[in-house]
Amino acid sequence: MTRSIQAVLLGGTLAVLAVVLGAAAWVAYEAAQDEAEELFDARLATSARVLEAMVARQLESATVAAPIVIELPEPLERATNDDEASPLGHPYETQVAFQARAGNGRLLARSSAAPEAPLAPLEPGFSTQGSWRVFSLRSGVVWIQVAESDHARNELSPKIAWAAVTPLMVGIPVVLALLSVLVRYGLAPLSQLAARIRARRPGSLAPVSLPRTPTEIAPVLDALNGLLERVHEALERERRFTADAAHELRTPLAAVKVHAQNAARAQSDVERRRSLELMLAGLERTTRLAGQMLALSRASVPRPAHARVEIREVIEQAARELGLAVEVEGDLEVSGDRDQLLSLAANLLDNAARHGAGRVRVELGGATLSVLDEGPGIPAPLRARVFESYYRVPGTSAAGSGLGLAIVREIARQHEAEVRIAEGSGGRGARVSVNFPQNGS
């Protein structure tokens, strides 16, 4: 199943935000509610101490027959909206009550919101009595009890908690919206890349470029352009091979055709045999040319080096296949493709045997393979040109296709090696050397 990167990123972000911010909101809610409860309890204790300081000490010596009732302004008593304050006070005052009692429990004073019955047992500290949260404080023979209604706490605590949580709840959609825009912006190069590839004409192998290439997409773009370049090179090799084949095979095939026609029109067995011999020689040259062309085409295809190859064994195998007597001195081991190196050795030995006038000698040492012959050699001005496909040194009488050294150079290039041509031993013949990388020896 194909998944959208944008959907995965947004979905994952939503899940993470929901879990993390949800947990943070819950913790904030619980913490705010706990803090509110502590604040309310502290307010009760503070109120009790104020009453103890201002009222209780006077009540110790009070002789009033009836308890004192502290009334609230009538508008506060009739207020229905607990959130609206006024110059007279705040409606929440109706949710706060206090009592002052003598040691024997007799009521000395109370607020209008407090009942006449005791708010709590005459024991110091906090307690919950019905719908009241009570704090009791003893001062001499007088008990001060301050209480707050659960209604006020139940209304104020969530408000305080929601005040802490609401920014998070509002922030989540905003964060998601911003992340959505950010993800779209970040993934825009992918959409641009797809659009540019979709809009390309068939056969177009030009590199793909983007106005903005993020770090994550750069390797993909490089790999794509590298593939296009390799495809372009492969197509170019095929075009060259086709054109070269058509050009180079035309002449020998025409010659074979002429010899076949001569054989068909021959008046005697001698003439017919001569024409057939020339036709077979032409077919042999044509077959060799086709083989060389295929070898050059295969050598042009990159093949990664993956094994250690003993060059002495490769030289000896190539010599056996060619039926040549070759002197080999030294040893050399390189990292590469054995089949390609066998083709390189075969072309070097065949080229030396065809153009040399005597023995063929091979020297191996360090990171260099050298093949020496005793032929006429190659003039210095022409040593660079002999690596060109189908080029032959003027005046050369030996048969050949002009592809041997081109194949050698291409295989050497695949192995990061360098091919050089110099004079042979004692200034006679030619020395063709292949210098392999030192780390491959």
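## Overview

The model is a predicted one. Its chain contains eight helices and 13 strands. Strand 4, for example, covers residues 125-129 and includes Thr-128.

The chain has 441 residues, of which 35% count as buried. Contacts between residues at least 6 apart in sequence can be sorted by their separation: 59% of them join residues at least 24 apart.

## Helix 6 and helix 7

Two packed helices are described by the angle between their axes and the distance between the axes. Helix 6 spans residues 311-322 and helix 7 spans residues 338-355; their axes come within 9 Å and cross at roughly 55 degrees. The two helices are therefore oblique to each other. Their crossing is right-handed.

On the side of helix 6, the contact is made by Ile-311, Glu-313, Val-314, Ile-315, Gln-317, Ala-318, Ala-319, Glu-321 and Leu-322. Helix 7 contributes Arg-338, Leu-341, Leu-342, Ala-345, Ala-346, Leu-349 and Asp-350. By class, the residues of this contact comprise 11 nonpolar, one polar and four charged.

## Salt bridges

Side chains of opposite charge can pair when their charged atoms come close. The structure has seven salt bridges. One of the pairs is Asp-269 with Arg-272, whose closest N and O atoms are 2.9 Å apart. Both residues belong to helix 5, which runs over residues 269-299, and they are three residues apart, about one turn of the helix. Asp-269 has a relative accessible area of 52% and is exposed, whereas Arg-272, at 30% relative accessibility, counts as partly exposed.

A second pair joins Arg-431 and Glu-363, with an N to O distance of 3.1 Å. This pair links distant parts of the chain, since Arg-431 is in strand 13 (residues 430-435) and Glu-363 is in strand 10 (residues 360-365), 68 residues apart. Another salt bridge is formed by the side chains of Glu-418 and Arg-420, at 3.2 Å from N to O. Both of these residues are partly exposed: Glu-418 has a relative accessible area of 41%, and Arg-420 has one of 48%. Elsewhere, salt bridges that share partners connect Arg-361, Glu-363 and Arg-431 into one network.

Leaving aside residues up to four places away in sequence, Ser-275 touches His-259, Asn-262 and Ala-263.

Thr-128, in strand 4, has a relative accessible area of 49%, and this makes Thr-128 partly exposed. Exposed residues are those over 50%. Between Thr-128 and Asp-150 the separation is 22 residues in sequence and 9.5 Å in space, taken from C-alpha to C-alpha.

Technical notes. Residues are numbered from 1 along each chain as its sequence is written. This is a predicted model: local features need pLDDT of at least 70, side-chain atom pairs count only at pLDDT 80 or more; totals for chains, interfaces and linings use all residues. Side-chain values use heavy atoms; hydrogens and water are left out. Axes are lines fitted to C-alpha atoms, for helices over the stretch in contact, and angles run from 0 to 180 degrees between N-to-C directions. Helices (H or I, at least four residues) and strands (E, at least two) are DSSP runs, numbered from the N terminus. Angles under 35 degrees count as roughly parallel, over 145 as roughly antiparallel, 65 to 115 as roughly perpendicular and the rest as oblique. A crossing is left-handed if the near helix is turned anticlockwise from the far one by less than a right angle, and right-handed if clockwise. Contact means heavy atoms within 4.5 Å. Ala, Val, Leu, Ile, Met, Phe, Trp, Tyr, Cys and Pro count as nonpolar, Asp, Glu, Lys and Arg as charged, and the others, Gly among them, as polar. A salt bridge is a side-chain nitrogen of Lys or Arg within 4 Å of a carboxyl oxygen of Asp or Glu. Buried means under 20% relative accessible area, exposed over 50%, partly exposed in between (1.4 Å probe, protein chains only).
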